[in-house]
Number of protein chains: 2
Amino acid sequence: MTIPSQVRLIDVGPRDGLQNEKSPVPAEVKIELVHRLQAAGLQEIEVTSYVSPKWVPQMADNHAVMQGVQRQSGVRYSVLTPNLKGFEAALLDKPDEIVVFGSASEAFSQKNINCSIAESIERFAPVVEAALAAGIAVRGAMSCTVGCPYEGEIAPERVAYLAGLLKGIGVQRVDVADTIGVGTPYKVQWAIEATLQHYALDDVSGHFHDTYGQALANTLAALELGVWNFQTSVAGLGGCPYAKGATGNVATEDVVYMLQGMGIDTGIDLDRLIDAGVFISDFLGRKPNSRAATALLNKRAG
Amino acid sequence: MTIPSQVRLIDVGPRDGLQNEKSPVPAEVKIELVHRLQAAGLQEIEVTSYVSPKWVPQMADNHAVMQGVQRQSGVRYSVLTPNLKGFEAALLDKPDEIVVFGSASEAFSQKNINCSIAESIERFAPVVEAALAAGIAVRGAMSCTVGCPYEGEIAPERVAYLAGLLKGIGVQRVDVADTIGVGTPYKVQWAIEATLQHYALDDVSGHFHDTYGQALANTLAALELGVWNFQTSVAGLGGCPYAKGATGNVATEDVVYMLQGMGIDTGIDLDRLIDAGVFISDFLGRKPNSRAATALLNKRAG
């Protein structure tokens, strides 16, 4: 397998990133972030979620954000919908894609959404059906595909099981997420290979956390399997609740730097991307959590 | 080429790491660091340098450090010697290996040591000759093999040229260093392949800086060429003078975490290594600059 010549990044910063922020981020700031991301060349952006504001108050402004974004043709705007009620709310805002989710870890599923993996899939089935009937694409986020904070290592068979269940209810493509960042190159490849039992290469994306500093090595390992879709987060937005002080999502800037250096086309302007990361980081009162952004900003400063 | 099943790490923290520290580190602390590194299983440690204290005051205690280390059999202790005077001073302390250096960038050579690449090699020739005559091994550190802060990208031909010159004066093995951390997987592989024109695989080590967050991906790319020797720095000691605030040497802990996760034997106990990193970081009044150490320390703390 040769490494793909083109890669598509899905920036999850506005949703997966900002949902972990302690301080509230106004809708206008989120909208501006989305605008800056699309101006930088991002073709897919995970914008918000339609979860009960009781659980995720940070996303209570989902309608305002989705309505405020000036959409650009060629860009896919996705939103997280945990249930039919959330999907119905989302439908009013016409997302291009909805995201449902499942865990490869039974213990994580129980702790996180209070039901078994199989039950979670059953609950999502009508959501997926409704989305497809409405002509909306459906992506499945598979969490804990390498390790789980409760169970430890997750066997590839568990990933294949989850991927099979998602395929069974009509989910069109899936993310292989290393939610706690414990993955290393082979383990990540095994999780991807397990997913490929049910999904075509074009329908599998990698979502790696940089908690242990492994995300770029894992991205390279995934590229070597031909994976060409990845989820990343501008400025590394999004901490990992299971390792305080540690980083969560890999920074989009770091991934773009690597891909550009390898001559792989992403369609992204790294300078404008860095500016988008600085914009949101300034608002949050910190520096971008990206080594490439830090180095390039230092270079700019001279 | 299959990925090696065994990797040897050369911890450069005590020398390359600490020489960039603003505040002086007492010899006793350096000695304790070396002891902790060898106790953690490091088989090669770059201990100090014999450079004029006018230029590098941090290494003025070279004799005290080398004399104070209780050597362990099976561990190689190396020291940097920039000239014959330095070598003669080093000789009294019986290092297992001396390190000479050269830059793949003509501009960097001029700015850093005030002479051309060819002239620097001529100056090193008698040092190498004397070391080999004394039964001391010789390693050559090749800097700027991917990029240079003055020249930008460095062509692989320049790396091959430098490697050939070092081979010509009897240097037994070489480090392929990405001194400013701008390298990405293919570029690093090209620099290594250029080096392999003159050196056998067993005599080539990778030395990657994490300034742009690329070091582990580059390590993986080097492993894929069969490289099994790497220079790393405990706790990520050693900043990069050309990008203030950014990181320099990749943290030994991050590399060990990846290799262990891949089932590659390093002989290193990660917990004890993390303790060594905490020891020196505590002394320096900061946290280890290692994502794996940070995550594992958070996990320990519960």
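This is a predicted model: local features need pLDDT of at least 70, side-chain atom pairs count only at pLDDT 80 or more; totals for chains, interfaces and linings use all residues.
View 1. Which residues point which way? B:Ala137, B:Arg139, B:Ala141 and B:Ser143 go one way from β5(B), while B:Val138, B:Gly140 and B:Met142 go the other way, and all are buried.

**View 2. The partners of β5(B) are β4(B) and β8(B).** On one pairing, β4(B) and β5(B) line up in the parallel sense over seven bridges. Here B:Phe101 sits opposite B:Ala141 of β5(B). The pairing of β5(B) with β8(B) (residues 173-178) is parallel too, over four bridges. B:Ala141 turns up again here, standing opposite B:Asp175 in β8(B). As a reminder, strands of a sheet pair through backbone hydrogen bonds, either parallel or antiparallel.

**View 3. Helix α4 of chain B has a buried face.** The helix covers residues 84-91, and its buried residues are B:Gly86, B:Phe87 and B:Ala90. Looking down the axis of α4(B), these buried residues fall within an arc of 100°, so they line one face of the helix. In general, an α-helix has 3.6 residues a turn, so residues three or four places apart point the same way. What lies over the buried residues of α4(B)? The cover includes β3, β4 and α6 (117-133) of chain B.

**View 4. Two salt bridges tie strands together in chain B.** The side chains of B:Arg8 and B:Glu44 meet in a salt bridge, 3.1 Å from N to O. This pair links distant parts of the chain, with B:Arg8 in β1(B) (residues 8-11) and B:Glu44 in β2(B) (residues 44-49), 36 residues apart. B:Arg8 is partly exposed because its relative accessibility is 25%; B:Glu44 comes in at 2%, so it counts as buried. The other bridge joins B:Arg76 to B:Glu97, with the closest N and O atoms 2.8 Å apart. This one also spans distant parts of the chain: B:Arg76 belongs to β3(B) (residues 76-80) and B:Glu97 to β4(B) (residues 97-103), 21 residues apart. With 30% relative accessibility, B:Arg76 counts as partly exposed, and B:Glu97 is buried, with a relative accessible area of 0%.

**View 5. Chain A has a salt-bridge network, and one of its residues reaches over to chain B.** The network links A:Arg8, A:Arg15, A:Glu44, A:Glu46, A:Arg76, A:Glu97, A:Arg139, A:Arg173 and A:Asp175. How many salt bridges does the whole structure hold? A search over all chains finds 32. One of them pairs A:Asp210 with B:Arg291, whose closest N and O atoms are 2.3 Å apart. That pair crosses between chains, from A:Asp210 in the loop between β9 and α9 of chain A to B:Arg291 in helix α12 (residues 291-301) of chain B. Are these two residues buried or exposed? Both A:Asp210 and B:Arg291 are buried.

**View 6. The strands of chain A close into a barrel.** Eight strands make the closed barrel, in the order β1-β2-β3-β4-β5-β8-β9-β10, with parallel pairing. From one strand to the next, the twist averages 30°. Zoom in on β9(A) (residues 204-208) and β10(A) (residues 229-232): they run parallel and are joined by three bridges. In that pairing, A:His207 has A:Gln231 of β10(A) as its bridge partner. Helix α9(A) (residues 215-223) packs on the sheet, touching β8, β9 and β10 of chain A, and its direction makes about 165° with that of β9(A).

View 7. With 13 residues, α7(A) reaches 18 Å from its first C-alpha to its last, close to the 18 Å expected at 1.5 Å a residue. Its buried residues are A:Val159, A:Ala160, A:Leu162, A:Ala163 and A:Leu166. Seen down the axis of α7(A), they fall within an arc of 165°, so they line one face of the helix. They pack against β4, α6 (117-133), β5, β8 and α8 (185-195) of chain A. On the other side of α7(A), A:Glu157 and A:Gly168 are exposed. Just after the helix, A:Gly170 takes a positive phi of about 100°.

Key
Residues are numbered from 1 along each chain as its sequence is written. Chains are lettered from A and ligands numbered from 1 in the order in which they are written. Side-chain values use heavy atoms; hydrogens and water are left out. Two strands pair if DSSP finds at least two bridges between them. Axes are lines fitted to C-alpha atoms, for helices over the stretch in contact, and angles run from 0 to 180 degrees between N-to-C directions. Contact means heavy atoms within 4.5 Å. The expected span of a helix is 1.5 Å times one less than its number of residues. Buried means under 20% relative accessible area, exposed over 50%, partly exposed in between (1.4 Å probe, protein chains only). The arc is that of the directions from the helix axis to the C-beta atoms. A salt bridge is a side-chain nitrogen of Lys or Arg within 4 Å of a carboxyl oxygen of Asp or Glu.
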